[in-house]
Structures are given as C-alpha cells and as structure tokens.
Amino acid sequence: MEVSDESVFKTRLTKLLSTSKLVKSIYFFEHLDSTQDYANLLPHNDSLHGSLIIARSQKMGKGRIGRPWISPRGGLWMSIVLVPDFSIDTLLFTQFIGALAVAEAIKETTKITCRLKWPNDVLINGKKVCGILVDVNLETEKKRIIMGIGLNANVESSLINNSINVDSKATSLKEEYGNEIDLVHITNLVVHKIEYYYDNLLRPGKTMEILDRWKQESDMFGKRAIVYDGTQKFLGEVIDLDYNGSLIMRLDDSSIKKIIYYSNVSFF
Ligand code: BTN
C-alpha cells in the first residue's frame, strides 16, 4: 500500500510534538480556507489551550490589516490557540513570540540570520519570509489568542510577489537556502520555541527578556520610517520599544509618538 505524503507528514509531526507540553490536539488539513478562522470557531473547552491547526494550503489565508495571505502548498500555515492566564500588559508580548520562534528555527535549520520588523515580520535580506497574525478575543466565553504563522518555506516567491496585495517584497526559505526545507522538522522547532517563550510569559520578570531578545534581532532602530495609522501618516525615526511592545518614534516635528500594533510601518 502506498503511504501518502500527507499521512507521512501527519505521523512524523504528531510523533515529534508528542513531547510538547503545550500542544495537546493537532488538526491537520490538506486544504482549508484559513487556519485562523478555523481556530476561532473551535468550541471553548478545557482542551482549547494549545490547539494547533495546520493546513497544507489555504484558499483564503488572512494577513494583517485585512490583507489576503497567499498560501500555496509547500508553506507552513498554522495557527495555535492560547487561552491566556496572564495580564493584559503581558498579552501584548505574544506578538513577539511567534517571530522570535520562527527566526530561531530558521537559524537552527539553515544557519540563515533573519531580521525582525515590527510588529512581527521575519525578513531575510530585507524580504519578508514570514508574517505573524495575532487575533485576540477577550470576551469571557470566548477568551483566546490565536497566533497565526505564515512561513514561506518551500514556495515560489514569484507566486506571492505577483499578487497585487503584498505589503513588502516576499522571499521563501527554499530560495534563500538553495534547497527544500524539511517542513515537519521546522514546524516542530517553531512550536517548541513558542512553548518555551510562552512559559517565560508566565514568569514575572521574564517578559522583558523577550522584549530585549526581540530588539537584538531587529535592525530597525535609528532608521527612518513612515507609519500609516488609519487615515493618518507619520514620518520619523524609530527610537525604541515601549515596555508593552509599542513602537516609539521621534517624528519629524520632534514629538514622540507611540505606535500600537495595528498600525502599518514601512522603513526606508
Ligand atoms: C501578515 O500579514 O504578515 C500575517 C500573515 C499571517 C498568515 C498566517 S498563515 C496561517 C494563519 N492563517 C491565516 O489565515 N493567516 C495566518
């Protein structure tokens, strides 16, 4: 009997993730509209925390600020559900965890050093290889954070760059590395690293380490940037991150502006 690529993927990943304390249920799909939407509809019960949804391809992948996310087969398209047990301040740090986990997993797998762009893009040579989407619902009955990770692993970046809706030039890991990536291996690494950082979020004092680590992996400080905040546009220099993860900029009129997560920033 021929064993499908699908079932090998599932079996290998399930085995590797059996050591995870965070991920207890894994939902695999060959095709899905969006792992993020699926995660949002999961019923609220004791096993919701740590649910992992993976699709080999998505028809209607969602990006930040309402953009579509092109998700052909070959990429890592996953969402992980967290039912947070910490304060709202700490909650904002979840946006950094995914990007750090992916950058470290890429480094370990390929030796490629990524740079992080606020709030949570992962870049290689200035091009976007991964985006993270964090959806937060704090209603008591539905309380959950859904961290969506879209990593262009073994995909053709031309497929993405030819789309009209991309916010920055895309690349893929396969193209940067020059070889196909073992998707199961890198997925397992990403999940274990999210687990490590999530544990840190629960420990007092450790959140600042996450912020510092994120700053080390970014090269945007001191650079000029434009921020699109709704209908407004701001120009200035990136100075630092606030204690809660907001971006601090010195605008061209010398005033200081804190930029929140849902704004869009372009560097130049
Ligand atoms: C961004 O715009 O940079 C964020 C992209 C996030 C894409 C991922 S792919 C898996 C998950 N499911 C979705 O529909 N979106 C996220």
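This is a predicted model: local features need pLDDT of at least 70, side-chain atom pairs count only at pLDDT 80 or more; totals for chains, interfaces and linings use all residues.

Tutor: Residues are numbered from 1 along each chain as its sequence is written.

Student: How many helices and strands are in the chain?

Tutor: Helices (H or I, at least four residues) and strands (E, at least two) are DSSP runs, numbered from the N terminus. Counted in this way, the chain has eight helices and 13 strands.

Student: What share of the residues in the chain is buried?

Tutor: A residue is buried if 20 or more other C-beta atoms, placed from the backbone, lie within 10 Å of its own, exposed if 12 or fewer, and partly exposed in between. Of the 268 residues in the chain, the buried share is 38%.

Student: Is Ile 194 buried or exposed?

Tutor: Ile 194 lies in helix α7. Because 27 other C-beta atoms are within 10 Å, Ile 194 is buried.

Student: Which residues is Ile 194 in contact with, leaving aside its neighbours within four places in sequence?

Tutor: Two residues are in contact if their C-beta atoms, placed from the backbone, lie within 7 Å. With neighbours within four places set aside, the contacts of Ile 194 are Ile 80, Ile 97, Gly 98 and Ala 101.

Student: How is α7 oriented to α8?

Tutor: Axes are lines fitted to C-alpha atoms, for helices over the stretch in contact, and angles run from 0 to 180 degrees between N-to-C directions. Angles under 35 degrees count as roughly parallel, over 145 as roughly antiparallel, 65 to 115 as roughly perpendicular and the rest as oblique. Helix α7 (residues 183-201) packs on α8 at about 135 degrees, with the axes 7 Å apart. Therefore α7 is, relative to α8, oblique.

Student: How do the residues of the contact of α7 with α8 divide?

Tutor: Tyr 197, Asn 200 and Leu 201 in α7 meet Lys 206, Thr 207, Glu 209 and Ile 210 in α8. Ala, Val, Leu, Ile, Met, Phe, Trp, Tyr, Cys and Pro count as nonpolar, Asp, Glu, Lys and Arg as charged, and the others, Gly among them, as polar. The division is three nonpolar, two polar and two charged.

Student: How is α4 oriented to α8?

Tutor: Helix α4 (residues 94-110) and helix α8 (residues 206-216) have axes 10 Å apart and an angle of about 50 degrees. Therefore the orientation of α4 to α8 is oblique.

Student: How do the residues of the contact of α4 with α8 divide?

Tutor: From α4, Phe 96, Ile 97 and Leu 100 meet Ile 210, Leu 211, Arg 213 and Trp 214 in α8. These residues comprise six nonpolar, no polar and one charged.

Student: Is Lys 111 buried or exposed?

Tutor: Lys 111 is placed in the loop between α4 and β5. Its phi is near 70 degrees, a positive value in a residue other than glycine. Because 8 other C-beta atoms are within 10 Å, Lys 111 is exposed.

Student: Where does Pro 119 lie?

Tutor: Most residues other than glycine have a negative phi, and most peptide bonds are trans. The bond from Trp 118 to Pro 119, however, is cis, with omega near 0 degrees. Pro 119 lies in the loop between β5 (115-117) and β6 (121-124).
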